[in-house]
Amino acid sequence: MSALCISEMLEQRFDAAALSALARKQSAVPLRRAGALTELAIIGVAACLAGKPDRSTIVLWGSSTGAREAGIRVVADVVIARESPFPFDFLATQPILAAPLLQRSFPCIESALYQPWAGNAELCWQRMRTLAAIFLQAGRHVRALCGQVEPGENEHIGRWQVLED
């Protein structure tokens, strides 16, 4: 294996309307009840892969609060607003649902792994980069996309890096 190349950090910021519109434009499949976590993942992956050749890719991504906040919003709709959620609202908050959408939209993605983030963000990034390097060194993939996605109330943020050998 040659030396590992790590790209500069790509940071993306969107309001809710822009995020949803861009995610639907970037996705090759309908995003029926996709939440901000999935939308941020699709947009980040699309930006990382833009203009790059199809090569075996793994996506490693995480969020410190995204899945929890999405789940809380669904519960609040039921308890506080007394609205009945649609049958799949809670499932749409689950980050694992992004994997099949990513793989269908970007055929070069062979694996996708969500990691919850807790504690020091730099340690989480180091853990993710180390895991990506292990996958690349083992020859399972030739490119890894590492991302942190953080849905917010007014602004949604994604940070991404590409690792290649």
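Okay, so H1 and H2 sit oblique to each other, where oblique is what's left once angles under 35 degrees count as roughly parallel, over 145 as roughly antiparallel and 65 to 115 as roughly perpendicular. Why oblique? Because their axes cross at roughly 55°. Those axes come within 9 Å; an axis here is a line fitted to C-alpha atoms, over the stretch in contact for helices, with angles from 0 to 180 degrees between N-to-C directions. The crossing is left-handed, so the near helix is turned anticlockwise from the far one by less than a right angle. In general, two packed helices are described by the angle and the distance between their axes.

Keep in mind that this is a predicted model, where local features need pLDDT of at least 70, side-chain atom pairs count only at pLDDT 80 or more, and totals for chains, interfaces and linings use all residues. Residues are numbered from 1 along each chain as its sequence is written, and side-chain values use heavy atoms, leaving out hydrogens and water.

How confident is the predictor? The mean pLDDT, a per-residue confidence from 0 to 100, is 86 for the protein chain, and 80% of its residues reach 70 or more.

Now the overall layout. The chain has six helices and six strands, meaning DSSP runs numbered from the N terminus: H or I with at least four residues for helices, E with at least two for strands. From the N terminus, the order is β-β-α-α-β-α-α-α-β-α-β-β.

On to the inside. Of the 165 residues, 45% are buried, which means under 20% relative accessible area, with exposed being over 50% and partly exposed in between, using a 1.4 Å probe on protein chains only. The largest nonpolar core has 28 residues, and Val45, Trp61 and Phe106 are among those with the most contacts inside it. That kind of core is a set of buried Ala, Val, Leu, Ile, Met, Phe, Trp, Tyr and Cys residues joined through side-chain atoms within 4.5 Å. Helix H2 gives this core its largest share, 10 residues. A second, separate core of 12 residues includes Leu60 and Trp125.

Last stop, Ala98. You'll find Ala98 in helix H5, buried with a relative accessible area of 0%. Ala98 and Gly35 are 63 residues apart in sequence, yet 9.3 Å apart in space, C-alpha to C-alpha.

Note on methods: pLDDT = per-residue confidence, 0-100.
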